[in-house]
Amino acid sequence: MNPWDDWDHIVKIDPDKTLIDGETFEDVCATGTDAIAVGGTTGMTEEKMSRVIEACGKYQLPVYIEPSHDGAVVHSDALDGYLIPVVFNAGDVAWTTGVHKEWVRLDGDINWEKTFTEAYIVLNPDSSVATVTESNCDLEADEVASYAEVAEKMFGQQIVYIEYSGTLGDPEIVQAAHETLDTASLFYGGGIHDYDSAHEMAQHADTVIVGDLVHDEGVDAVRETVKGANDMKREIRPS
Ligand SMILES: CC(C)=CCC/C(C)=C/CC/C(C)=C/CC/C(C)=C/COP(=O)(O)OP(=O)(O)O
Ligand SMILES: O=P(O)(O)OC[C@@H](O)CO
Ligand SMILES: [Mg+2]
């Protein structure tokens, strides 16, 4: 049993962005989402990360950090664990193993029991994450599916993350990736903004991730995406 096995929905909070006026981290944790991930590509500092971790750590939800580089890792009792991206289609291998090597070399406090990797496939060429990692986003569905298969079968990855950060992706690509996986979970993130987009992506993703919406629209909009994802899971799960 992995911590994420019963997560249908995650809210990813970017510590470099603000919540909507009048909304709190408590409100975010009460949207019905299953877990909080803390991370973003640009502007990460230890102080900003810690503020969000401490604020979200007071509630029942699991809180994980998703560091964007080796210097962005924060250790805190408020954390349930660490989700470490490994970018499979990165143009620079630093994002596949290089920054990981530096992290292991320099961080004396790694708790491997709470550390899990995510095999990222980055697909929106206009996102910061694609720019930073120089990812090759020009991939057909069968190539994405093959990356997913390589991640699980050759590299033993237990999370494959289809990342369209900032834009809603192609459900057929998500489906193709999902179909290659046996035991690994498929995470999908990017452009989920309402009931329908969450509902659609939850058909093939085991877990959907909602990021910018919490910063741009707020908790009511996030709650709709939780409903969409949960409804789809009820529709497709054998009772
Ligand atoms: C070795 C350690 C500790 C970490 C390595 C982490 C790696 C490989 C990071 C690569 C970049 C990555 C996948 C970051 C994860 C977080 C993420 C995708 C955030 C979303 O970013 P964007 O939405 O593109 O950026 P902004 O919202 O900040 O513009
Ligand atoms: O911000 P959005 O587009 O919701 O994307 C979520 C997440 O996959 C980003 O890493
Ligand atoms: Mg973003």
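Mentor: We start with a term: buried means under 20% relative accessible area, exposed means over 50%, and partly exposed lies in between (1.4 Å probe, protein chains only). The areas come from the Shrake-Rupley method with a 1.4 Å probe, and for residues only the protein chains shown count as cover. This is a predicted model, in which local features need pLDDT of at least 70 and side-chain atom pairs count only at pLDDT 80 or more, while totals for chains, interfaces and linings use all residues. Residues are numbered from 1 along each chain as its sequence is written, chains are lettered from A and ligands numbered from 1 in the order in which they are written, and side-chain values use heavy atoms, with hydrogens and water left out.

Trainee: Why is Val219 called buried?

Mentor: The relative accessible area of Val219 is 6%, and the limit for buried is under 20%, so the label applies. Val219 is found in helix 9, residues 219-236. A helix here is a DSSP run of H or I with at least four residues, a strand is a run of E with at least two, and both are numbered from the N terminus. Val219 and Val87 are 132 residues apart in sequence and 30 Å apart in space, C-alpha to C-alpha.

Trainee: How many helices and strands are in the protein, and what makes it as compact as a globular protein of that length?

Mentor: The protein has nine helices and eight strands. Its radius of gyration is 17 Å, close to the 18 Å that the globule rule gives for 239 residues, so the protein is as compact as a globular protein of that length. That radius is taken over C-alpha atoms, and the globule rule is 2.2 Å times the number of residues to the power 0.38. Along the principal axes, the C-alpha atoms fill a box of roughly 45 × 45 × 35 Å. Of the 239 residues, 53% count as buried.

Trainee: How do you know that Lys12 forms a salt bridge with Glu66?

Mentor: A salt bridge is a side-chain nitrogen of Lys or Arg within 4 Å of a carboxyl oxygen of Asp or Glu. The closest N and O atoms of Lys12 and Glu66 are 2.7 Å apart, so the pair qualifies. This pair links distant parts of the chain, 54 residues apart: Lys12 is in strand 1 (residues 9-13), and Glu66 is in the loop between strand 3 (63-65) and strand 4 (81-87). Lys12, Glu66 and Glu163 are linked in a network of salt bridges. A search of the whole structure finds 13 salt bridges.

Trainee: Are Lys12 and Glu66 buried or exposed?

Mentor: Lys12 is buried at 13%, and Glu66 is buried at 6%.

Trainee: What makes Asp138, Glu140, Asp142 and Glu143 a surface patch?

Mentor: Patch members have over 30% relative accessible area and no salt bridge; like charges are joined within 9 Å, nonpolar side chains (Val, Leu, Ile, Met, Phe, Trp, Tyr) within 5 Å. Asp and Glu count as negative, Lys and Arg as positive, and His and the chain ends are not counted, so this patch is a negative one. The place of a charge is NZ of Lys, CZ of Arg, CG of Asp or CD of Glu. Asp138 has a relative accessible area of 67% and is exposed. Asp138 sits in the loop between helix 4 (128-133) and helix 5 (141-154).

Trainee: What is the phi of Glu134?

Mentor: Glu134 has a positive phi of about 50°, although it is not a glycine. Glu134 is placed in the loop between helix 4 and helix 5.
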